Amino acid sequence: MREKETTLYIGPQHPGITGNMMVKLKVTGDTIISSSTHVGYLHRAFEKLIEQRNWLQSFTILCRFCVPEPDPMELTYARAVEELEGREVPERAKYIRVMVMELARLQSFMLWYAGQSGSAGLYTLGQWSVGDRNYVLDLFEMLTGGRVYHMYIWPGGVRRDLPEGFKEKTLKTMDYLEKRLDQYNQMLFDNTIFQKRAQGVGVIPKDKAIEWGVVGAPLRGCGIKSDVRIDEPYEVYDKLDFIVPTAEGGDIWARALVRKEEIRQSISIIRQVLDKMPEGEYYNRVPNPMKWTIPAGQVYTRTESVRGEIGFYVASDGSDKPRRVHVKGAAYTHGVTVLDKVLKGQNIADVSFILNSLGVCPPEIER
Amino acid sequence: MSNDLVLENEILNLIKSAFNAEGNVIKSRRVEVFVKKDQVSSVLLFAKEQRGYIHLSHSTCIDWIEEGEFELIYSILSPKDKIMLYVKTRIDRDNPVMENLDGIWHQLNTYEREMREMYGIEFPGLIGDKEFCLEDWDEIPPMRRDFDTVEFARKTFYQRPGREDAKDVRKTLTEQSGEKIPDFATKYSRE
Amino acid sequence: MSFFDLKGLLQPLTGIRQFGKKPHTIKLPDLLLNTADRYRGLHHNDLEACIGCGNCSTICQNEAIDMINLENIEHKDGDSGLRPRVDNGRCCWCALCVDVCPTGSLNLTKDYIFTSEDANDFLWIPGVDNPEGNNNLSFTSDTNTSLSMYQRVPMRELDGKERVKSFAEVVLGYSEEEARREAQRCISCGLCTNVCPDHMHIPEYINAIAKGNDADALKIIYDNNPFPEMCGKVCTRRCEEVCAIEVRGEAVAIRWLKRYATETAPTAEKIKEIVNPVIKESNGFKVGIIGAGPAGLTASYYLALRGFDVTIYEAQAHAGGMTMYGIPKYRFPLDSIDKQVDYMKSIGVKIKYNTKVGKDISFEDLYKNNDAIFAGIGFQNAWTLGIENEDIPGSIPAVDYLNIINRGDSYDVGKKVVVIGGGNVAIDGARVSKRYGADVTILYRRRVEDMPADWEEIEGAEDEDIHIATQTIPTRIIKGDDGKVKAIEYLKANMVADDKGGRPRPVAIEGSETILECDTVIGAIGQEADYSWLPESFKDKIEVKRGMMIVVNEFNQTGDHKVFAGGDAVNKTADAISAIADGYAAVIGIENYLVKK
């Protein structure tokens with residue numbers, strides 16, 4: 001008997017993503033025939049608002065593009081403005097920025113652990129990793145004064161220097177997290193349930209991945225080595241020693257393996273940065289923000305975030321406010337067109353599981 | 001370092017000569033070309049099929065309201081050469097129609113839907129819901145420069161009372177001193 | 001992998017190991033988490049230190065900060081009297097307000113818990129609603145981290161050794177790039193405009209310079225000051241004393257920026273082209289102006305623009321008044337004056353030189369032939385020192401000395417000069433003498449920090465190797481055999497705190513008499529006005545107070561409603577910008593009196 005086609009709505013609230021987004025599925029039985037993504041539940045018109053604020057004021061909204069990993073937004077914008085203006089950034093600030101990037105990556109990975117295991121029904125690990133994430137947030141609080149939204153990296157450098165005792169505390173936290181990672185992996189990667197759910201599910205074909213617009217860990221999970229930190233090194237990534245892991249298969253399992261290794265690389269980078277960080281200035285002062293103008297021009301800067309490439313296309317008309325800031329987030333393709341392709345033929349129960357492994361962050365789609 | 005830009009100049013010159021277009025090597029790994037709007041699809045296809053620019057990074061629009069034009073930008077990337085190519089074109093702001101290109105990259109479908117909603121640009125033949133982020137929108141497309149968000153917020157949302165006693169510092173000072181700022185100077189006063 | 005993967009099933013059970021461990025969580029509310037030293041919590045504002053500049057309110061992208069009037073806080077010089085109120089329902093604790101606060105009064109605290117059932121409670125006046133917040137500051141700004149630009153773009157000057165050789169202008173002026181950079185420092189609060197006697201539109205013209213529109217800047221300046229080049233060079237600039245940036249750093253160089261704007265118009269024709277003033281049709285009224293000083297010129301300029309027939313009667317051969325005859329040319333060159341006076345003439349102001357009212361023409365005639373009179377009177381007569389031998393050759397008041405030099409005559413000061421006084425006139429006398437090769441000492445009763453002269457002038461004098469002998473009280477001038485000055489005797493003084501809370505007074509030390517040989521003594525302890533032009537018959541209406549001041553109303557109108565007055569003789573501050581303000585106020589007064597009556 002041929003089963004009848006039904007329409008199913010997943011969301012706007014569901015555990016697969018951080019933020020509200022609805023996926024409309026066409027299914028027969030348990031199998032997905034097609035999907036379409038509907039956004040608009042979070043639309044806050046950031047890009048429009050940025051056009052109405054001056055160059056510095058904008059930096060306070062940037063972090064709100066993405067709760068799990070706000071810092072790459074700040075860095076990408078800051079780099080775009082610096083490139084337009086030709087402003088130099090002190091060496092120490094570059095190291096601090098890289099450290100912030102990796103700390104942000106780290107805490108975002110902890111959330112991913114929670115989301116990825118939670119959407120597979122493994123709830124214990126989520127409690128652990130979100131709890132341990134707070135230790136990273138403690139570091140952010142000490143450094144920037146804020147736990148989730150840091151508003152710390154701004155054009156010209158960073159906002160404040162490292163506080164006293166920060167280095168020691170960070171190293172201690174890294175040692176602790178590294179130990180905990182072994183326990184996480186026992187809970188997740190050694191777990192048959194996770195293995196069976198993840199392997200062969202949500203496959204992105206290797207030959208199509210780049211053309212589909214896949215970036216970040218999902219692309220590396222297809223066995224393609226691609227990482228902005230290597231391809232187009234920014235700040236001081238070219239002076240650091242780290243590897244970009246890849247895995248074959250293009251499925252959820254491969255993406256998870258990639259992330260499992262990346263998190264260790266982040267810890268290693270943080271240690272290297274703290275070791276190599278030079279003394280000196282941390283900020284190349286910008287003029288009075290109310291009267292700060294940027295020469296006309298257009299630039300695109302990109303940064304590797306947990307979810308993949310984040311880019312800012314910034315256009316200036318020479319005034320004290322940006323003419324246009326376009327934010328390119330990985331989720332824009334992952335969450336709409338790629339999702340539609342990947343979901344075809346999958347089970348309903350895997351939707352949030354797949355969404356999580358693609359790293360979909362709805363605010364990046366609506367902006 | 002100038003000889004490092006060999007690949008950049010190569011793609012630039014190829015497109016320049018094949019399409020009679022203008023363009024620049026902006027810096028290492030960044031090339032821009034300006035083409036007419038009916039050439040965009042051929043340039044994109046040429047770059048994608050023949051020069052390895054298989055990744056569409058993003059596409060966006062800038063409203064040059066003073067010049068009466070929208071600037072459309074297609075940023076494409078060659079993973080092999082690691083060069084990003086911006087294909088830029090300008091279209092008439094009063095009659096904003098652009099060719100639907102989601103056949104070249106499917107993800108352009110999303111960008112085009114967004115531009116249709118946010119800038120009011122029409123893409124004949126574009127498939128997809130009219131509404132992308134917005135719901136029941138009956139103002140002018142909101143990303144256009146002439147859409148006033150403050151004005152919109154004032155008339156749409158309830159303004160909570162209790163802050164009417166706020167004073168403008170500059171104005172308060174002029175009231176104290178009796179200074180009269182001439183009209184032509186007020187555009188330089190603090191906002 | 002077989003379906004029954006034993007390891008994979010058992011491995012996750014190792015999580016049970018955590019079972020007996022102490023939890024990482026803490027119990028609320030018994031134990032509150034101690035926040036980091038930089039935590040961005042609720043605001044606190046030091047109400048005393050705050051000057052109500054409103055920069056916090058301007059930067060706030062959430063429109064969370066309002067500037068409001070508070071009880072007990074009145075506006076005063078350098079304080080708008082307004083204070084910020086934060087809407088905690090809008091605030092996102094980005095702390096940009098902290099980073100742009102020029103005084104450092106606004107900070108964030110460690111407190112982060114605030115609950116209320118009433119939404120109105122979230123409108124918060126930092127410092128009023130949490131007076132104890134001061135002990136709990138966390139996210140603060142200092143002059144290194146603040147976004148305010150505390151350092152002034154330095155002004156280029158001739159080297160001290162070079163400049164004493166001539167009367168070439170010492171200050172070289174900002175280049176375009178320097179001016180733009182300096183103008184960017186201004187936060188446009190406008191506190192300066194309140195203390196400017198003329199209430200010039202300072203934030204507006206500085207902003208025009210910052211945006212690269214020098215012509216607009218000049219137009220804004222000419223709106224109520226027709227003598228800006230003079231102000232740009234020698235104004236006493238009280239505006240800079242109350243600059244918001246000055247609280248923790250160096251004030252915006254308002255004077256130098258004005259100077260820069262005026263230098264963009266090098267000729268009178270160029271000024272006219274840029275300012276492009278609207279000259280109204282003649283209204284048939286005639287106004288006579290006494291004195292071509294800043295007050296008289298200002299009144300004439302704006303009266304002429306408003307269609308009045310204006311004639312200035314000037315006793316000297318040159319316009320400019322005390323700015324022409326009292327200020328040395330290395331500070332305010334002759335061609336600067338000429339350029340501005342030429343511009344005024346070009347819009348219809350008439351000047352009769354060498355015409356002293358009361359001598360060459362009678363006040364009564366003037367009174368009869370005009371519909372209104374404006375008297376712009378400077379302080380030309382020096383106060384006497386009141387010491388022995390003050391009137392012998394070799395002793396001369398500074399105003400007279402400067403007058404002689406400025407009109408192009410010469411005066412031999414000899415090798416050693418002593419100047420008595422601590423104001424700008426004293427420094428002028430000293431620095432002019434230095435340019436004639438003399439060895440100069442300034443005797444001043446109090447300390448250097450008490451000197452009323454501009455700090456730049458004091459520094460300038462020091463750079464030129466002028467010795468400043470402080471806490472010295474001259475007692476007599478010693479006459480030589482030739483009948484001329486031979487030396488001066490003075491007492492040293494101690495500074496004694498004033499019981500009534502005034503500034504410390506110098507008290508002479510008995511037996512500390514010191515004799516300093518010199519060829520010339522220049523007295524510069526103050527000046528007063530000359531009223532020889534005013535006939536006795538008018539004095540019952542035009543009241544001259546003790547202390548030689550003319551009494552006027554807010555429009556500078558005297559008891560005789562046809563006569564207006566301004567300048568040093570009227571205002572308490574006795575400087576050029578006050579004279580300009582008087583002239584401008586009188587224009588409004590005359591217009592009200594004649595046209596709108």
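Trainee: What makes a residue part of the contact between chain C and chain A?

Mentor: Contact here means heavy atoms within 4.5 Å. In this predicted model, 50 residues from chain C and 46 residues from chain A take part in that contact.

Trainee: And how much area do chain C and chain A bury between them?

Mentor: About 3700 Å², with carbon and sulfur atoms giving 50% of it.

Trainee: Why is the pair A:Arg160 and C:Asp99 called a salt bridge?

Mentor: The cut-off is 4 Å from a Lys or Arg side-chain nitrogen to an Asp or Glu carboxyl oxygen. A:Arg160 and C:Asp99 come to 2.8 Å, N to O, so the pair counts as a salt bridge. Across the interface of chain C and chain A, the rule finds 2 salt bridges. It also finds 27 residue pairs in polar contact there, both residues at pLDDT 80 or more.

Trainee: What kinds of residues make up the chain C side that touches chain A?

Mentor: That side divides into 22 nonpolar, 21 polar and 7 charged residues.

Trainee: Now chain B and chain C: how do you know that C:Asp216 and B:Lys187 form a salt bridge?

Mentor: Same test. Their N to O distance is 3.6 Å, which is within 4 Å, so C:Asp216 and B:Lys187 qualify. The count between chain B and chain C is 5 salt bridges. On the chain B side touching chain C, you get 9 nonpolar, 5 polar and 11 charged residues.

Trainee: How many residues does each of chain B and chain C bring to their contact?

Mentor: Chain B gives 25 residues and chain C gives 41. The area buried between chain B and chain C is about 2600 Å². In chain B, B:Arg163, B:Tyr188 and B:Arg190 lose the most area to chain C, together 32% of what that side buries.

How values were computed
Residues numbered from 1 in each chain as written. Chains lettered and ligands numbered in written order. Predicted model: local features only at pLDDT ≥ 70, side-chain atom pairs only at ≥ 80, totals over all residues. Heavy atoms only, no water. Buried area = accessible area lost by both parts, 1.4 Å probe. Nonpolar A, V, L, I, M, F, W, Y, C, P; charged D, E, K, R; others polar. Polar contact = N/O pair within 3.5 Å; in protein donor to acceptor, adjacent residues only side chain to side chain.
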